Amino acid sequence: MTFTVTYADRDGGGTCLRLSGELDMSSAPALNAAIDRLIAAGERRLLADLTDLTFCDSTGMAAFVRGDNRAAADGGWLRVTGASGRVERVLRLTGLADVLRYDPGPVDPASRAIP
């Protein structure tokens with residue numbers, strides 16, 4: 001399955017990244033590049049919607065941490081939401097659910113509430 005990352009501005013600030021497919025060693029560079037582009041453009045609040053992510057290995061988890069660290073260096077953050085199944089389990093087992101303030105609910109990119 002292919003990996004895609006798309007993003008849209010959130011009403012009230014921030015950007016929602018929608019991830020779909022499998023996030024692994026071969027696809028993590030695409031996520032890193034998207035995060036780098038957004039941060040270079042001045043975005044500091046990133047919300048990754050994992051609703052359509054079917055698989056995530058340690059390289060994918062490292063990309064989330066890297067993104068959070070990059071945003072935090074400029075006073076921002078990366079948060080994750082919408083994971084299910086194995087992806088949610090890995091977030092919880094690794095402790096990243098707490099670090100990235102995981103919210104299991106799906107996200108409306110037009111929502112004014114920023115976690």
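Leaving aside neighbours within four places in sequence, Tyr102 is in contact (heavy atoms within 4.5 Å) with Val80, Thr81, Gly82, Ala83, Glu88, Leu91, Arg92 and Ala97. This is a predicted model, in which local features need pLDDT of at least 70 and side-chain atom pairs count only at pLDDT 80 or more, while totals for chains, interfaces and linings use all residues. Residues are numbered from 1 along each chain as its sequence is written, and side-chain values use heavy atoms, with hydrogens and water left out.

Tyr102 lies in the segment after helix H4 (96-99); helices (H or I, at least four residues) and strands (E, at least two) are DSSP runs, numbered from the N terminus. With a relative accessibility of 10%, Tyr102 counts as buried. Buried means under 20% relative accessible area, exposed over 50%, and partly exposed in between, for a 1.4 Å probe and protein chains only. The side chains of Tyr102 and Glu88 are joined by a polar contact of 3.3 Å. Such a contact is a pair of N or O atoms within 3.5 Å; within protein, one must be able to donate a hydrogen and the other to accept it, and residues adjacent in sequence count only if both atoms are side-chain atoms. Tyr102 and Glu88 are 14 residues apart in sequence, and their C-alpha atoms are 9.0 Å apart in space.

Helix H1 (residues 28-40) has 13 residues, which at 1.5 Å a residue should span 18 Å; the end C-alpha atoms are 18 Å apart, in agreement. The expected span is 1.5 Å times one less than the number of residues. The buried residues of H1 are Ala28, Leu31, Asn32, Ala34, Ile35, Leu38 and Ile39. They lie on the same side of H1, because they cover an arc of only 160 degrees around the axis, taken from the directions from the helix axis to the C-beta atoms. These buried residues pack against strand E1 (4-9), strand E2 (15-23), strand E3 (45-56), helix H2 (58-72) and strand E4 (77-81).

Strands E1 and E2 run antiparallel and are joined by 6 bridges; two strands pair if DSSP finds at least two bridges between them. Val5 has Leu19 in E2 as its bridge partner.

A disulfide is a pair of cysteine sulfur atoms within 2.5 Å, and the count comes to 0 disulfides. Cys16 is in no disulfide, as the nearest cysteine sulfur, that of Cys56, is 16 Å away.
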